[in-house]
Amino acid sequence: MTSTHPHPAATAYGRLLDHSNRHNPYPHFAELAKEPVHQLDEHNWLVTRHADITALLRDPRLSAQNPAPTDPDAPLGSDGKPFRGPLLMLDPPHHDTLRQRTMDQFVPRILGMRPRIEAMVADLLDRHVGTGSGEIDVVAALAYPLPVGVICALLGVPPEEEPVFHSFAGRLTRALDPVETLTEQEITQLAVTQRDWRAYLMPMIEQRRAQPGTDLISGLLTKGDPATRMNTVELAVTLGLLLIAGHETTVNLVANGTLALLRNPDVLDRLRADPDLAAAVVEEVLRYDPPVQMNGRHTTADIVVAGQVVPAGDHVQLLLAAGNRDPRRFAHPDRFWPERPGNAHLAFGGGVHYCLGAALARMEGQAALTAIASRLSNPRLVVDPPPYRPNMLLRGPEEVRVGYDAVTT
Ligand code: HEM
C-alpha cells in the first residue's frame with residue numbers, strides 16, 4: 001500500500017528533518033519504511049526500500065540534473081554547451097566523459113595511498129601521546145583534518161594551505177544540498193564562495209599548466225585525449241567537488257564509526273585484537289549510520305515504484321538510510337554487526353553516480369577506526385548522544401568527545 005492523500009507522510013518526514021531528532025533519526029526512518037513510497041506533497045516523493053532504491057539509482061529515467069533552464073550567461077563546458085554544474089549533478093553523456101577523465105587520474109593516485117593515510121592518522125594521534133589520561137574530540141582531532149590532508153596530498157597542495165582548503169570545504173558543502181532547500185541569501189553566498197574558490201585555484205592551475213608535476217591537477221590538465229580534456233571552469237568545479245564530496249562524508253564516517261565502536265565494546269575489543277576486522281567494521285558503519293542519508297533525483301518520465309505512478313517532472317528522495325535498515329534485505333537491521341553476510345549497503349549510492357571516492361573513503365575509515373581501537377586505552381564517550389550539526393543530508397555529530405587513560409604509541 002502507498003500513502004497518497006492527504007500526504008500524512010509529511011508529518012513523519014517533518015520529524016525526520018527536525019533537528020531535535022538528529023541524534024537518532026532511525027525510528028522515524030522505520031516509521032516511513034512501513035510503506036515503500038510516500039507522496040509528500042504535489043510533486044515530492046519518498047522511496048524507502050532497499051530493492052526500489054537500488055533499481056531507481058540505476059534507472060536512466062531519473063535525472064540528477066537541476067531541471068531549471070541553464071543560465072544563458074554561463075561559461076561553456078568542454079562539450080560546447082553552457083556549463084551546468086559538477087558531474088555529481090549532471091546526466092550522461094557529459095557526466096560520463098567528465099567522470100571517466102577524473103577516474104583515469106584519481107584512481108591510480110589513490111591506490112598506493114594507504115601507508116600515507118596511516119601515517120597521517122598516526123601523526124594526528126601522536127599529538128596526544130604522553131599527556132596521561134585525558135579527552136580527545138575525535139571530530140576536531142582526527143575526522144576533520146584527515147580528509148583535508150588527504151585531498152591536499154592528492155592535489156599536491158602544501159600542508160600550510162590545508163586551513164584554506166578546510167575553510168572552503170565547510171562553505172562549499174551547501175552546494176550539495178538541493179537548491180530548493182537554500183534561502184536566497186544562502187544561494188548568493190554560495191555563488192560568492194564558488195567564485196572565491198575558482199579565484200583561489202586559478203594561480204595553482206596556471207602554475208601546473210606551465211610546470212606539470214605528478215599531482216592530480218597536473219594529470220587532469222595534461223594527460224589523456226586532448227579532445228575530452230576538461231576546460232578550466234570544469235577543472236576548478238571538479239576539484240571543488242572532490243573536496244566537498246570527500247570531506248564532510250568522511251568526517252561523518254569516522255565520527256559515526258567511533259560512536260558505533262564505543263557503544264558496542266565487544267566489537268571494539270574484537271577490532272583491537274584483530275585489525276583485519278577493520279574492513280568489515282567500516283562497511284557496517286556505512287550501513288548502520290550512513291554519512292549520506294538520502295539522495296535526490298527528478299523523474300523525466302512517468303515511472304512506477306512499488307505499484308505507484310510517480311509522474312514525470314517530480315522530485316524523488318531516495319532514503320538510503322532507510323534502505324540500509326530494510327529488514328527484507330538485512331537480518332537484524334538495527335544491530336551493529338560487522339560480520340553480517342552480504343552487506344550490500346547503499347551508503348555510496350549506485351548506478352552512474354556511484355561514489356567515485358569509495359575506495360579512498362574506505363582506506364581513511366579503516367585507518368582511523370583501527371587507530372582509535374588500538375591506541376586509545378579504555379576509551380569512553382564523554383557525552384552520549386553528542387551534539388549534531390544541523391545538516392540532514394550529510395548528517396553527523398559536531399563533536400565526539402572521548403575520554404581515555406592514555407594514548408599509546
Ligand atoms: C564515507 C565517505 C563517503 C560517502 C558515504 C560518499 C557517498 C557518496 C554518494 C552516496 C554518492 C552518490 C550521490 C548521488 O548519487 O547523487 C557519492 C558520489 C560521489 N562521491 Fe562520494 N562519498 C564518500 C567519500 C568520497 C570521497 C573520499 C570522495 C573523493 C575524494 C568522493 C567523491 C565523490 C564524487 C566525485 C561523487 C560523484 C560521482 C558521480 O556523480 O559520478 N566521495 N558519494
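**View 1. Helix 11 (residues 232–263) and helix 15 cross at roughly 35 degrees, and their axes come within 10 Å.** The model is a predicted one, in which local features need pLDDT of at least 70, side-chain atom pairs count only at pLDDT 80 or more, and totals for chains, interfaces and linings use all residues. Residues are numbered from 1 along each chain as its sequence is written, and side-chain values use heavy atoms, with hydrogens and water left out. Helices (DSSP runs of H or I, at least four residues) and strands (runs of E, at least two) are numbered from the N terminus, while axes are lines fitted to C-alpha atoms, for helices over the stretch in contact, with angles from 0 to 180 degrees between N-to-C directions. The crossing of helix 11 and helix 15 is right-handed, a word used where the near helix is turned clockwise from the far one by less than a right angle. In helix 11, the residues Thr250, Leu253, Val254, Gly257, Thr258 and Leu261 meet Ala361, Glu364, Gly365, Ala368, Leu369 and Ile372 of helix 15, where contact means heavy atoms within 4.5 Å. Sorted by class, this contact of helix 11 with helix 15 has 7 nonpolar, 4 polar and 1 charged residues (nonpolar: Ala, Val, Leu, Ile, Met, Phe, Trp, Tyr, Cys and Pro; charged: Asp, Glu, Lys and Arg; polar: the others, Gly among them).

**View 2. Helix 13 (residues 278–288) packs on helix 15 (residues 358–375) at an angle of about 110 degrees, with the axes 9 Å apart.** Helix 13 is therefore roughly perpendicular to helix 15, a label for angles of 65 to 115 degrees, whereas those under 35 count as roughly parallel, those over 145 as roughly antiparallel and the rest as oblique. The crossing of helix 13 and helix 15 is right-handed. On the side of helix 13 the contact is made by Ala278, Ala279, Val281, Val282, Glu283 and Val285, and on the side of helix 15 by Arg362, Gly365, Gln366, Leu369 and Thr370. By class, the contact of helix 13 with helix 15 has 6 nonpolar, 3 polar and 2 charged residues.

**View 3. Helix 7 (residues 145–155) packs against helix 15 at about 135 degrees, with their axes 11 Å apart.** This angle makes helix 7 oblique to helix 15, and the crossing of the pair is right-handed. Leu146, Pro147, Val150 and Leu154 of helix 7 touch Leu360, Glu364 and Ala368 of helix 15, so that by class the contact of helix 7 with helix 15 has 6 nonpolar, no polar and 1 charged residues.

**View 4. Two cis peptide bonds and one positive phi are found in loops of the chain.** Most residues other than glycine have a negative phi, and most peptide bonds are trans. The bond from proline 92 to proline 93 is cis, with omega near 5 degrees, and proline 93 lies in the loop between strand 3 (62–63) and helix 4 (94–111). Another cis peptide bond joins aspartate 384 and proline 385, with omega about 5 degrees, and proline 385 belongs to the loop between strand 10 (380–381) and strand 11 (401–404). Alanine 306 has a positive phi, near 45 degrees, in the loop between strand 6 (303–305) and strand 7 (308–310).
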